[in-house]
Amino acid sequence: MAHSHREYASIFRWAIYFIGLLIMSFGIVLTIKANVGCAPWDVLHIGLYRNFGLTIGTWSIIVGLVVLTISALLLKQLPRIGAFLNMIFVGIFIDLYMMIPYLQVPNTLIGKFVMLLVGIVITGYGMGIYISANIGAGPRDSLMLALTELTGWKVQYIRIAMEAFVLFIGWILGGPVSIGTLIFCIMIGSVAGVALPQCQRMAEWILVRRVDIETHGL
């Protein structure tokens, strides 16, 4: 019975994780499609795409692999499997969403900012959902944690330094830096801060409730 409990909990944990990645990736694509500036990492991915081809999602995977490698070397340990899956599937999901024909750049400036804001909220809740599964942080978060551990600096300072560096490189490469980039940077932390505890409570309820249903028929 204990074995069944663990199996069911693992299945639902992975389901929550992938649902979170799907939602987060959709939010990322909305911020890109809004065309008023996007997140620093996406500025970099789009800059690389504009200069070297491939796809935005492919560059997300490649950059994620580089970041994970650096994290592994700094910490002298392999990242969790969730970090690898995050890297691969977010890139794939971004490319799939980018191909949706009716997901177009809005014609009006108000429409663009509405799409950006909706994208930020969806991204924040997607992050909250996938993190609540507790399967592993994504590549960028893994590097942030590695640098925090090695330098002793506060997380927020490391995060700001990382985002500023990535944004600068992306801007040099011609990525879309605009007012939306600033809005994203200001809002995403607050949205994720609200979303994460809500998502963690939801995940705990789902895991406990669904395991009871599957094992006891309650």
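Mentor: Start with a contact that can be read off residue by residue. From α3, the residues Ile56, Gly57, Thr58, Ser60, Ile61, Gly64, Leu65 and Leu68 take part, and they meet Ala83, Phe84, Met87, Ile88, Val90, Gly91, Ile92, Ile94, Asp95 and Met98 of α4. Sorted by class, this contact of α3 with α4 holds 12 nonpolar, 5 polar and 1 charged residues. Bear in mind that the model is predicted.

Trainee: At roughly what angle do the axes of α3 and α4 cross?

Mentor: Helix α4 spans residues 81-98, and its axis comes within 7 Å of the axis of α3. The crossing of the two is right-handed. Angles over 145 degrees count as roughly antiparallel. The axes of α3 and α4 cross at roughly 165 degrees, which makes α3 and α4 roughly antiparallel.

Trainee: Are α3 and α6 roughly parallel or roughly antiparallel to each other?

Mentor: Helix α3 covers residues 56-75 and helix α6 covers residues 139-151; their axes are 8 Å apart, at an angle of about 25 degrees. The cut-off for roughly parallel is under 35 degrees. The pair α3 and α6 is therefore roughly parallel.

Trainee: Which residues of α6 does α3 meet, and how many in the contact are charged?

Mentor: On the α3 side are Ser60, Val63, Gly64, Val67, Leu68, Ile70, Ser71, Leu74 and Leu75. They meet Pro139, Arg140, Ser142, Leu143, Ala146, Leu147, Glu149 and Leu150 of α6. By class the contact of α3 with α6 divides into 11 nonpolar, 4 polar and, for the class you asked about, 2 charged.

Trainee: What is the handedness of the crossing in which α2 passes α7?

Mentor: Helix α2 (residues 40-52) and helix α7 (residues 155-172) have axes that come within 8 Å and cross at roughly 25 degrees. The two are therefore roughly parallel. The crossing in which α2 passes α7 is left-handed.

Trainee: Which residues of α2 and α7 make that contact, and which of them belong to α7?

Mentor: From α2 come Pro40, Trp41, Val43, Leu44 and Gly47. By class, the contact of α2 with α7 has 9 nonpolar, 2 polar and 1 charged residues. Those belonging to α7 are Met162, Glu163, Val166, Leu167, Ile169, Gly170 and Trp171.

Trainee: How far apart are the end C-alpha atoms of residues 52-75?

Mentor: The unreviewed UniProt entry annotates "transmembrane region" at several spans, among them residues 12-32 and 52-75. Residues 12-32 are 100% helix, with end C-alpha atoms 30 Å apart. Residues 52-75 are 88% helix and 0% strand, and their end C-alpha atoms lie 31 Å apart.

Notes. Residues are numbered from 1 along each chain as its sequence is written. This is a predicted model: local features need pLDDT of at least 70, side-chain atom pairs count only at pLDDT 80 or more; totals for chains, interfaces and linings use all residues. Side-chain values use heavy atoms; hydrogens and water are left out. Axes are lines fitted to C-alpha atoms, for helices over the stretch in contact, and angles run from 0 to 180 degrees between N-to-C directions. Helices (H or I, at least four residues) and strands (E, at least two) are DSSP runs, numbered from the N terminus. Angles under 35 degrees count as roughly parallel, over 145 as roughly antiparallel, 65 to 115 as roughly perpendicular and the rest as oblique. A crossing is left-handed if the near helix is turned anticlockwise from the far one by less than a right angle, and right-handed if clockwise. Contact means heavy atoms within 4.5 Å. Ala, Val, Leu, Ile, Met, Phe, Trp, Tyr, Cys and Pro count as nonpolar, Asp, Glu, Lys and Arg as charged, and the others, Gly among them, as polar. UniProt positions are given in the numbering used here, feature names are shortened, and annotations may be inferred rather than shown by experiment.
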